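Biologist: Thanks for sitting down with me over this one. Could you walk me through the fold, piece by piece?

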Amino acid sequence: MNITIWIVSYKGENMNKLTKAAIKGYIRSGGVYCPYCGSHDLDEFGQDFDETGIQKYIRCLACDERWTDIYTLKDMTPEED
Ligand SMILES: [Zn+2]
């Protein structure tokens, strides 16, 4: 499944601490580092999904910030026999 990552803050106050550029950089990276402190030591502590996509709840083990990664279905490829 091809997916696109959209990042939205988990806690309301976090939205004020991340710039749009920081969020775009995080999305471009594929969500491999903490957008707050840059650590790669991340923990996925839960996820939900529905017809709109998948939400993964992420926590940074270095700075303890939390946020939600939002995945939406972008494309599909048929399975080859
Ligand atoms: Zn962090």
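Biologist: In what order do the elements of the protein run from the N terminus on?

Modeller: This is a predicted model, where local features need pLDDT of at least 70, side-chain atom pairs count only at pLDDT 80 or more, and totals for chains, interfaces and linings use all residues. Residues are numbered from 1 along each chain as its sequence is written. Helices (H or I, at least four residues) and strands (E, at least two) are DSSP runs, numbered from the N terminus. The protein has 1 helix and 4 strands, and from the N terminus on the order is β-α-β-β-β.

Biologist: How many bridges join β2 to β3?

Modeller: Strands count as paired if DSSP finds at least two bridges between them. A hairpin through 2 residues links β2 to β3. The strands run antiparallel, and the number of bridges joining β2 to β3 (residues 53-60) is 8.

Biologist: Is Glu51 buried or exposed?

Modeller: Glu51 sits in the loop between β2 and β3. Its C-alpha atom is 9.0 Å from that of Thr72, which is 21 residues away along the chain. Since Glu51 has 5 other C-beta atoms within 10 Å, the answer is exposed.

Biologist: And Thr72, how far is it from Ile54 in space, C-alpha to C-alpha?

Modeller: Thr72 belongs to strand β4 (residues 66-75). It counts as exposed because it has 11 C-beta neighbours inside 10 Å. In sequence Thr72 and Ile54 are 18 residues apart, while in space their C-alpha atoms are separated by 6.5 Å.

Biologist: Which residue takes a positive phi in the hairpin of β3 and β4?

Modeller: β3 and β4 pair in the antiparallel sense, over 6 bridges. Among them, Gln55 is partnered with Ile70 in β4. The hairpin has 5 residues between the strands, and the residue with a positive phi, near 70 degrees, is Asp64.

Terms used
Buried ≥ 20, exposed ≤ 12 C-beta atoms within 10 Å, placed from the backbone.
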